Protein chains: 2
Amino acid sequence: MISPWTTEIPESYERLMRGFGIRSFSELLDRIPEPNHLMRRGIIFGHRDFERVLDAMLNDRDYAVMTGLMPSGPMHLGHKMVIDELIWFQRRGAEIFLCVADVEAHVMRGLSYEQIRKLAVDQYLSNYLALGLDLDKCHVYFQSESEDVKNLALTLGTRVNFSELRAIYGFGADSKASHIFYPLIDAADILHPQLPKFGGPRPVVVPVGIDQDPHLRLARDLASRLGYVPPSSTYHKLMRGLLGEKMSSSNPETAILLQDSPESVERKIWKAFTGGQPTAREQREKGGDPSKCVVFELMAYHLLEDDRELARLAEACRSGQIVCGECKRRVIHLTNRLLEELTLKRKRYLERAREYLKSVRP
Amino acid sequence: MISPWTTEIPESYERLMRGFGIRSFSELLDRIPEPNHLMRRGIIFGHRDFERVLDAMLNDRDYAVMTGLMPSGPMHLGHKMVIDELIWFQRRGAEIFLCVADVEAHVMRGLSYEQIRKLAVDQYLSNYLALGLDLDKCHVYFQSESEDVKNLALTLGTRVNFSELRAIYGFGADSKASHIFYPLIDAADILHPQLPKFGGPRPVVVPVGIDQDPHLRLARDLASRLGYVPPSSTYHKLMRGLLGEKMSSSNPETAILLQDSPESVERKIWKAFTGGQPTAREQREKGGDPSKCVVFELMAYHLLEDDRELARLAEACRSGQIVCGECKRRVIHLTNRLLEELTLKRKRYLERAREYLKSVRP
């Protein structure tokens with residue numbers, strides 16, 4: 001509990017946790033070797049059965065990490081959290097399965113496979129490399145190319161009926177056949193690292209945003225029906241959008257895109273919603289509320305590695321020592337430094353990601 | 001109209017034809033080059049848009065034939081009709097797509113993929129070779145191995161909703177997800193010969209039993225929504241079972257299996273339902289009714305190539321010149337001769353079918 005940040009789990013998350021039996025991640029924090037900033041700050045706030053994975057990790061037993069990316073738009077900072085978590089797992093020698101959810105992007109968003117492949121390489125895989133994930137050590141696959149996943153989905157789908165899917169996803173008479181079936185592909189993504197060809201049943205953890213939990217519940221349910229180890233999961237908070245709403249790749253003004261120019265970053269952050277007072281004078285008198293501030297969120301999630309520095313910033317905000325303008329200038333500077341570095345690396349890695357893509361076959 | 005057989009389309013078929021706009025195959029018979037016995041005798045009794053395929057065939061334009069086999073049990077004579085039709089198409093240089101519906105056998109019947117592959121080779125592909133189909137000239141593929149088919153199914157499934165599928169297949173809240181989705185795989189099987197990699201939109205004919213028409217209706221509907229040529233179809237009658245009911249691979253006593261021993265054939269045919277009178281004496285006096293006789297059906301569908309010989313047999317039955325015992329002895333003899341020949345060839349082709357299997361990749 002280094003910064004006040006760690007204690008703050010919004011009521012909506014608490015409700016989800018109670019309702020669905022998600023446990024608090026902070027309970028495990030003492031046992032976790034060198035937890036990363038997302039763990040230390042409670043941004044990764046919840047889990048299911050993560051002990052199982054932690055035990056395997058601490059005792060050098062076999063386990064895997066499963067994650068996915070859906071290339072339906074440009075990559076933004078909200079996507080970076082999972083990569084930071086993957087890099088943490090990879091440093092501990094984890095076997096990582098990385099699914100490019102091209103079927104999802106095609107079926108659920110109507111993109112062509114050509115568009116999707118371009119986005120996957122230009123926006124995601126090259127950025128993953130730039131952020132420091134070693135893709136050569138991951139099992140990267142495209143759903144559209146994985147017989148394993150699609151065939152497993154068809155097998156899993158013999159064990160779930162329409163009313164169960166309706167209860168989880170709200171399907172109705174006008175739901176499209178492929179939308180109804182898609183959750184089985186997602187469940188198959190999650191369970192396929194336990195297929196005999198990948199080593200059979202074993203702990204697998206899926207790092208997700210809390211909004212992905214329905215997929216986890218379905219996969220866990222199917223796992224216990226079919227002799228797989230129910231997958232574990234960690235849950236990170238969803239970054240709010242810059243205007244105070246949910247960050248979204250479909251509205252570029254709500255998110256810092258990894259491809260944003262310095263001018264875009266500056267414009268977006270100047271417009272961002274903060275926890276400050278209406279005027280600098282009021283801010284000096286009453287202080288601000290960093291827990292409501294999306295600018296502070298950028299600091300906590302991505303820009304300040306040092307917990308004490310983050311705590312000092314929160315305190316300076318609350319006490320009125322600094323005002324939003326100063327803070328925003330600093331965030332603009334740090335964000336642009338981060339993006340500039342990423343852009344350089346991404347350019348270096350782009351050809352690599354494209355080449356790599358060609359060699360990927362499930 | 002060579003034998004009385006050709007005129008006989010049961011009321012139930014007439015109703016289906018009227019209800020769903022299936023046209024009479026006999027209308028086209030004059031234009032068809034060297035029609036086979038199933039065509040001449042009205043066993044292939046209906047079609048949709050077969051003119052389109054016939055025109056392509058007669059004018060040396062591109063077209064394809066699409067068919068499938070579901071390896072869920074032993075092959076019986078009822079399965080042979082489609083092979084006879086395929087051989088006829090193959091002699092006319094048709095490009096044939098042959099789908100081994102292993103996903104269907106797994107999802108709908110619960111067989112393991114190992115069981116299915118064994119059945120596919122031992123019961124079907126080896127018999128297809130033995131019957132004279134040149135598999136080397138067909139595109140043989142397993143659904144479980146075809147990315148093309150599964151990905152096309154997922155695309156097609158974005159254009160059909162649950163209520164449409166419910167209307168065609170009667171799905172409900174307790175229908176399994178993979179059962180709901182399976183018709184899209186079937187539609188994708190039917191449409192995939194029109195994918196760009198196979199040459200793009202063109203006439204495709206699917207020879208089926210009348211019970212398969214729902215799949216055709218769905219595929220035709222999707223074709224017109226998505227810019228494919230609506231697939232044509234031919235419909236053959238379903239052989240009745242030996243006891244007068246539907247022939248079924250799940251009850252081996254109702255069908256002549258291609259692997260039946262001479263003793264089994266003898267036993268089954270002696271027990272078979274006929275159109276004869278209760279006693280030989282009554283038969284001599286009143287004559288029998290070949291149109292009700294499953295033994296005559298075996299003659300017409302499989303055992304007598306010569307139409308005049310078949311017509312003579314029908315007449316001899318109706319006039320009481322022959323009794324059921326004589327006729328059954330002849331059918332037993334002819335069936336066993338056919339199966340003996342098939343068994344010899346099948347043994348020769350079994351290794352071939354297995355080898356061939358290994359090389360099959362979509």
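Here is a short chat about salt bridges in this predicted model.

Student: How many salt bridges are there over all chains?
Tutor: To count, we look for a side-chain nitrogen of Lys or Arg within 4 Å of a carboxyl oxygen of Asp or Glu. Over all chains, that rule gives a count of 70.

Student: Is Glu341(A) buried or partly exposed?
Tutor: Buried would need a relative accessible area under 20%, and exposed would need over 50%. Glu341(A) comes out at 44%, so the label is partly exposed.

Student: How many residues apart in sequence are the parts that Lys271(B) and Glu253(B) tie together?
Tutor: Lys271(B) and Glu253(B) make a salt bridge, 3.1 Å between the closest N and O atoms. Lys271(B) is in the loop between helix H11 and helix H12 of chain B, while Glu253(B) is in the loop between strand E7 and H11, so the pair links parts whose separation in sequence is 18 residues.

Student: What does Lys286(B) count as, exposed or buried?
Tutor: Lys286(B) meets Glu282(B) in a salt bridge at 3.3 Å, N to O, and both lie in helix H12 of chain B. The cut-off for exposed is over 50%. Lys286(B) has 54% relative accessibility, so this residue counts as exposed.

Conventions
Residues are numbered from 1 along each chain as its sequence is written. Chains are lettered from A and ligands numbered from 1 in the order in which they are written. This is a predicted model: local features need pLDDT of at least 70, side-chain atom pairs count only at pLDDT 80 or more; totals for chains, interfaces and linings use all residues. Side-chain values use heavy atoms; hydrogens and water are left out. Buried means under 20% relative accessible area, exposed over 50%, partly exposed in between (1.4 Å probe, protein chains only). Helices (H or I, at least four residues) and strands (E, at least two) are DSSP runs, numbered from the N terminus.
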